[in-house]
Every structure is written in structure tokens, then in C-alpha cells.
Amino acid sequence: METPGQYKLVGKFRRKIFTRHGEFLASGRGFSQALCHIMNKVLIIGAGGVGSVVAHKCAMVPEVFGEITLASRTLSKCEAIAKEVKNRTGRVIATAKVDADDAAETAALIRKTGAKLLINVALPYQDLHLMDACLLAGCDYMDTANYEPLDVAKFEYSWQWAYQEKFKNAGLSALLGSGFDPGVTNVYTAWALKHQFDEIHTLDIIDVNGGNHGKAFATNFNPEINIREVTAECRHFEDGKFVETPPMSKHQEFTCPDGVGTYEIYRMYHEELESLVKHIPTIKRAQFWMSFSPNYLKHLEVLQNVGMTRIDPVVYQGVEIVPLQFLKAVLPNPGDLGQSTKGRTCIGNVITGIKGGKSKAIYIYNICDHEVCFQEVGSQAISYTTGVPAMIGAKQILAGDWRKPGVWNIEQHDPDAFMADLNAHGLPWQFIELSPEQAALFQVA
Ligand SMILES: NC(=O)c1ccc[n+]([C@@H]2O[C@H](COP(=O)([O-])OP(=O)(O)OC[C@H]3O[C@@H](n4cnc5c(N)ncnc54)[C@H](OP(=O)(O)O)[C@@H]3O)[C@@H](O)[C@H]2O)c1
């Protein structure tokens, strides 16, 4: 496979591109696209629900994304996605098999593809291995979820923040958490701080999935990661420290705008709280809420009670198995839920603070329709709302605006171009000013 060094720019204005073997590639109008094709090669790792959306959305923006390679543990999944991408967009993407836990193997694939950016939409367990691979091969890195060790259900940024100097010294950029939450919710907060507030004081992130997949029990994204997340102790930030409470112990009703409906939302820990309170130190309280149906909670309780959510190995017929990993194998694949899922998601932030010395509160949100997503890319809205911001984050890096050596959470970059791209690429946002009474309704301490 050829790398940028294997091309020659020819002509008075260097506007004709030839390969080093003398094969003519492009000139004139096709020049910019051909240049981007050569320069902006990306390697997507993970052929799950989110990986499929990222592959589709990158393919739909040929003026930014050059050669695209989709690699995962199971080659047939990459090939099936590549076929769908070809059918829907007309673009051919390359596929490869890789074990993302093997940094040397991934580094070799980065070199072979000539990728400038690695988009990690495998699982959080792979984050550090993939960051190592990028350092070995000299490639920028981005992901949508922070690192989690396989044997402890604990997620925090410390492990990835520890790579700051390594990326800086290598002149490479790493972008952490470019999904919806984390991702868009962080950018919403950065945008609010830039345009709506002098100081932010409270932040409530509210993630409602008003959709129904028609199954008895299924998770919207990787079941193992989803169940580890919702069964973890709840932590929210208050008066300068994180406070722990039992999982799902705090909940309240929330009515979404635009007729999405009224749902019970549960307070839980979510990773963006950690980076947002660090980077916006005026925040006094930060909470994360997610909606769950009574049916989901009923099944989850039974699964927990019978030990099926355990992440420690048990011996079954002489073989060690991890109950949660076995459960994942028998649950519906989130990537296949698109066909049957109906309804809308509504994810947004209630933010309070001061502007010009006066108190102010806003709600900024996106509403996304599962069936519309399925029509566009063959996926449900959870994969879509994660995959689109991953493409947009990648676009900012390739455009150079967010290419800054080091390891960065998404709220540390300027939000404006990303916010404009959300409107342009399928996740339009709106914001409303809230009265003090309305704002108080959203904020349960
Ligand atoms: N920020 C957000 O808003 C948000 C929301 C939802 C999900 N996420 C994150 O998005 C990521 C993907 O979620 P998903 O629902 O698409 O999960 P998924 O459907 O389970 O897909 C994960 C993919 O990663 C591949 N993979 C796992 N281990 C691998 C390894 N060692 N080497 C190579 N490939 C490996 C899997 O391999 P196979 O090829 O064998 O299938 C699978 O294709 C997760 O990290 C999740 O936490 C973020």
C-alpha cells in the first residue's frame, strides 16, 4: 500500500499528482480530493454498532476522509459493513483483521495502511493498547470511551491522561471521548461557557432513550460495557468532591421537549463528569442522569441476583468463564437492533451559572429518531449518536484545527466548528433558556 511519500506533485503549480511509479492520479478539480485521499487516511478499529456508523459517515465526507480501512477482531464483520457502505455511499473501504490488544500488530497495520488517524471504536479495554500502537507507528489517536481494566469495573481518565507527555514528545494528538456522552455533552458545555455564561455553576446531563427495540431485554450498546456502567456505584460531584451513593438510588421524572415523552431518569456515574469538573473548575455540582424502562430494570435486577453480571471468572465444566461475557454472547447484538427500534432519543445538558452578573439557566439538547438513523445508515440511534460525533471529532483533527500534540479531552478544544458540524451531519441541536423554576425542576441534589 502506498504512503504519502510515494507520491509526486508535478507541474508549474505542483497541481498534478503522480505515483512514484509515474502513474497519473489527478489534476485540476480532482486535485484537492486526490490530495486528501492520499493524506487523510484513517484506520477505524472495531466493527460493532458504532464502528458501522463511523465507517458510513466517514465515507459520506470524501472531501475530508481519504482511504478508509475498517479493522476488527472478526474480519467477516468488517467485510459485511464494507459491503453496506459500498451500497449506500458508492465508496469502497478496505478491511483488515487485527487484535487490538496487540500494540505491535496494530502498529504494523497502521504503517501498512498509511493511516494518519486511528479511530478507536472497539472496547474501552483496548484504549491503552491502541494508544501504544499509535505511538509506535506515529499516528494520531481518538476514542469515544475511557479506559477500563478488564478485571475491575472502574473507569477513570488517569490511565489515559498519563500518556500526555508521550504524545506531546512524539508530536501526536490524542482526542478522548468523541461520542455523544462523553463527547457532544462535553462540547455543549464548552460552547455554553464560550457563548452563554461567564461562569458555569451546575451541570445536569440527561440521557433519555425514548425508543423501544421490541425485545424482552437488550442493551443499546455493547452489553458488557453497558451493564458494568449501570451497576457501578453512583458518583456525582458536589462542593469540590465526588460523592458516592448506591447504584440507581436517586431518580425522578423528566419530560423531554418536542413530545418525546416523560421518563424516569436515574442518577449514575458517567466519565465526562471527571474531565468537565477538572477543566471547568467553577462547576459546583455535576450530575449525570439516564432513563431506564421498568422492564430493563426488572431484568437487570434478576440478572444481578442470579450472578449473571459478575465479571470475575467462574469454573464451568472445567473451563473458566466470565458470567457477564457469557451473558453478552446470548443477548441481542446492539448493532442488529436498528431494524426493530422505534422512537426517539433526547440527550442534553441543563446548565446554570451567571452571565453579566445575573443568574441564567439553559437546556441544550439533540433529539434523534431511531428509524431515520436506520434509513440513513442501517443503525439505531444509540450507535448513530455515538458514531456521528466520532466522525466529526476525526474531521476536526484531520482539518488541523484540533491537531495539538498531547492528550486532550474534547471540551479542551474550541467547540464552534464541531457544533456547526453537528447541524450539518445529522445531529442538529437546539437550546432554550429556562426560568429559575424550570431549572430547579431539573436539579435534584
Ligand atoms: N461516548 C458515547 O456516547 C458512547 C456510546 C455508546 C458506545 N460507546 C463506546 O463505543 C465503543 C463501541 O461500542 P459498540 O456498541 O459498537 O460495541 P460492539 O458492538 O460490541 O463493538 C465492539 C467491536 O470491537 C471489536 N473488538 C473488541 N475487542 C477487540 C480486539 N481485541 N481487537 C479488535 N477488535 C476488537 C469487536 O470485535 P469483533 O470484530 O469480534 O466483533 C466489535 O466489533 C465502546 O467502547 C463503547 O463504550 C460510546
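The legends below describe close-up views of a predicted model. Residues are numbered from 1 along each chain as its sequence is written. Local features need pLDDT of at least 70, side-chain atom pairs count only at pLDDT 80 or more, and totals for chains, interfaces and linings use all residues.

**View A. Confidence along the chain.** The chain has a mean pLDDT (the predictor's confidence in each residue, from 0 to 100) of 92, with 91% of its residues at 70 or more. Residues 1-5 have pLDDT below 50, and beyond near neighbours in sequence this stretch makes nine contacts in the model. Two residues are in contact if their C-beta atoms, placed from the backbone, lie within 7 Å.

**View B. An open sheet of seven strands with parallel pairing.** The strand order is E6-E5-E4-E7-E8-E9-E20. Strand E6 (94-97) and strand E20 (406-409) are the edge strands, each pairing on one side only. From one strand to the next the twist averages 20°. Strands (E, at least two residues) and helices (H or I, at least four) are DSSP runs numbered from the N terminus; two strands pair if DSSP finds at least two bridges between them.

**View C. Strands E7 and E8 with helix H5.** Strand E7 (residues 117-120) and strand E8 (residues 140-143) run parallel and are joined by four bridges. Leu117 has Asp140 as its bridge partner in E8. Helix H5 (residues 127-137) packs on the sheet and touches strand E4 (42-45), E7, E8 and strand E9 (173-176). The direction of H5 makes about 165° with that of E8; axes are lines fitted to C-alpha atoms, for helices over the stretch in contact, and angles run from 0 to 180 degrees between N-to-C directions.

**View D. The contact between domain 1 and domain 2.** An automatic or database assignment sets the domain bounds, giving domain 1 (4-176) and domain 2 (184-379 + 431-442). Their centres, taken over C-alpha atoms, are separated by 28 Å. In the contact, 16 residues of domain 1 meet 14 residues of domain 2. On the domain 1 side, H2 and helix H3 (75-89) give two or more residues, and H2 has the largest share, five residues.

**View E. The shell around the ligand.** The ligand is surrounded by 33 residues (C-beta atom, placed from the backbone, within 6 Å), the closest being Gly48, Ser72, Ala100, Gly179 and Phe221. Helix H2 (49-59) and helix H14 (381-399) give two or more residues to this shell. Both domain 1 and domain 2 contribute residues to the shell, so the ligand lies between them.
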